Amino acid sequence: MRWIRFTDAAGTHYGLLEGERVRKVAGSPFDGYETTGEWAELAQVRLEVPVIPRTFYCAGLNYAEHTIEAARKRGQEPQLPKQADIGYRANNALVPHGHDVVIPPDARTIHYEGELVVVIGREARNLTPDEALDCVLGYTIGNDVSERNWQRSDRTLWRAKNTDTFKPMGPWIDTDFDPREAQTRVRVNGKTTTEFPTAAMIFDIRTFLSTMSRYLTLHPGDVVWMGTDGQSPDLKAGDVVEVEITGLGTLRNTFVQG
């Protein structure tokens with residue numbers, strides 16, 4: 001099942017994607033729903049981010065190559081993390097599939113980070129690893145855009161990671177997707193620049209959700225971005241970045257100068 005959130009002449013709704021058509025529903029995947037009998041053509045609606053999260057979580061360094069490269073750029077000896085660390089992002093940065101990512105005038109080094117996104121479907125606390133996936137509604141795709149100079153110079157990541165439009169997410173939530181055999185590919189202007197097994201995480205989804213739920217309550221609509229691997233080229237205005245996760249879909253956004 002693929003859930004999309006979309007806008008048409010009647011407003012913003014949730015719907016179920018069936019081929020190139022959308023079955024409209026009353027309600028949402030988080031609060032319960034009923035089908036309405038109304039349909040829309042996918043090409044005739046505007047996609048929105050598939051959920052506005054109550055809390056926007058992000059995994060810390062969670063893939064080996066990316067972790068090693070980040071340490072080298074800081075002039076440090078590479079070491080893989082010893083625990084699953086979680087951070088936060090800001091909802092103001094979210095934009096949907098097809099929306100432009102705006103590069104601020106004073107930004108110098110813009111990079112992508114293609115990520116699997118876990119969408120929480122029910123409230124959960126004190127999960128065991130075996131129970132952890134029971135609270136997951138499904139999965140979507142994220143592009144954790146970063147300005148690397150700001151990331152190095154600022155004491156926090158408030159603008160390096162959270163500038164408006166820096167968090168494309170979508171295009172839908174897939175409730176049947178299994179990440180274990182998937183590949184994450186990132187293309188810039190049609191050329192593959194990064195590829196890695198989606199499940200090749202240092203700490204897997206079960207570990208993150210069970211660890212997090214010892215200390216905080218997960219709520220329906222929360223999202224957890226699971227990190228990235230590889231390196232990004234320096235992006236410029238006019239570049240089109242596609243994050244594809246096989247079996248899940250493709251998130252596409254154009255970068256423009258602000």
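Predicted model: local features only at pLDDT ≥ 70, side-chain atom pairs only at ≥ 80, totals over all residues.
Q: Which strands stand at the edges of the open sheet of 5 strands?
A: The strand order is S9-S19-S18-S15-S16, with mixed pairing. An edge strand has a single partner strand, so one side of it is left without a neighbour in the sheet. The edge strands are S9 (101-103) and S16 (191-197).

Q: In which sense do strands S18 and S19 pair, parallel or antiparallel?
A: Strands of a sheet pair through backbone hydrogen bonds, in one sense or the other. S18 covers residues 240-245 and S19 covers residues 249-257. Isoleucine 245 stands opposite glycine 249 in S19. Over 6 bridges, the sense is antiparallel.

Q: Which element gives the largest share of the lining of the largest pocket?
A: This pocket has a volume of about 610 Å³. It is lined by 29 residues, with Leu61, His66, Ala70, Arg148 and Gln151 nearest its centre. Strand S6 (56-59), helix H1 (64-73), strand S7 (86-88) and helix H2 (148-153) each give two or more residues to the lining. The largest share is 4 residues, and it comes from H1.

Q: How many charged residues are in the lining of the largest pocket?
A: The lining of the largest pocket has 7 nonpolar residues. Its polar residues number 11. The charged count is 11.

Technical notes. Residues numbered from 1 in each chain as written. Heavy atoms only, no water. Pairing = 2+ DSSP bridges. 1 Å grid on protein atoms, 1.4 Å probe; cavity = no way out; pocket = protein on both sides within 12 Å on 5 of 7 lines; lining within 4 Å. Points joined across faces, edges and corners; volume = space filled by probe spheres on them. Nonpolar A, V, L, I, M, F, W, Y, C, P; charged D, E, K, R; others polar.
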